[in-house]
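Reader: I have a model open and want to read it residue by residue. Where do we begin?

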Amino acid sequence: MSCCLVFLLLLLFVLCSSEADVVTIDVQAAKSLIQTYHNYLDVRTVEEFLKGHVDAANIFNVPYMLDTPKGKVKNPNFLKDVSFVFNKEDHIIVGCQIGLRSLSATSDLLAEGFKNVKDMGGGYVEWVRNKLPVIHKWPKNNYNKI
């Protein structure tokens, strides 16, 4: 077996095992939960968030990745910032642009001891594709580490 194939299989195993506890829900289920006052954690960049975001009463933007001159890097304060906003018992739906960052962020939150966290599959793109309500302004209760 080639070295690259072994590496790829090992990476796939690590990713699958680290996200085994993640529950992914579709945007319709997320909308229903949001309407029952679940918190929505948008893990996109500030710029993405400001272009438009899910219409939710309890929405917070804490970027999982940060834009740097060298490209995107994982926010080293992500868990600390989320812990500032939420306690580990809060019900949280995590969303991003297409569903990749939210999957990783949800996995990290579960590993940190958050108990009621769900990933929104398809992200904001799927939300918009389903013609669900969006907002193009900054909500008053938003926390963001800039």
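Author: Begin with burial. A residue counts as buried when its relative accessible area is under 20%. This is a predicted model. I93 has a relative accessible area of 0%, so I93 is buried.

Reader: Where does I93 sit in the fold?

Author: I93 belongs to strand β7, residues 91-95. The protein has six helices and nine strands.

Reader: Which residues does I93 touch, leaving out those up to four places away in sequence?

Author: Contact means heavy atoms within 4.5 Å. By that rule, I93 touches I25, A30, L33, I34, H38, N39, Y40, L41, K118 and M120. Take K118 from that list. K118 is 25 residues from I93 along the chain, yet their C-alpha atoms are separated by 4.9 Å.

Reader: What share of contacts between residues at least 6 apart join residues at least 24 apart?

Author: In this protein, 66%.

Reader: Now R44. Is R44 buried or exposed?

Author: R44 counts as buried, because its relative accessibility is 1%. R44 lies in the loop between β2 (39-42) and α3 (46-51). Across the protein, 40% of the 146 residues count as buried.

Reader: What does the side chain of R44 make a polar contact with?

Author: For a polar contact, look for N or O atoms within 3.5 Å. The R44 side chain makes one with the side chain of D42, at 2.9 Å. A polar atom of the R44 side chain also lies 3.4 Å from the backbone oxygen of E48.

Reader: Which residues beyond four places in sequence does R44 contact?

Author: Among them are F49, H53, N61, C96, R101 and Y124.

Methods
Residues are numbered from 1 along each chain as its sequence is written. This is a predicted model: local features need pLDDT of at least 70, side-chain atom pairs count only at pLDDT 80 or more; totals for chains, interfaces and linings use all residues. Side-chain values use heavy atoms; hydrogens and water are left out. Helices (H or I, at least four residues) and strands (E, at least two) are DSSP runs, numbered from the N terminus. Buried means under 20% relative accessible area, exposed over 50%, partly exposed in between (1.4 Å probe, protein chains only). A polar contact is a pair of N or O atoms within 3.5 Å; within protein, one must be able to donate a hydrogen and the other to accept it, and residues adjacent in sequence count only if both atoms are side-chain atoms.
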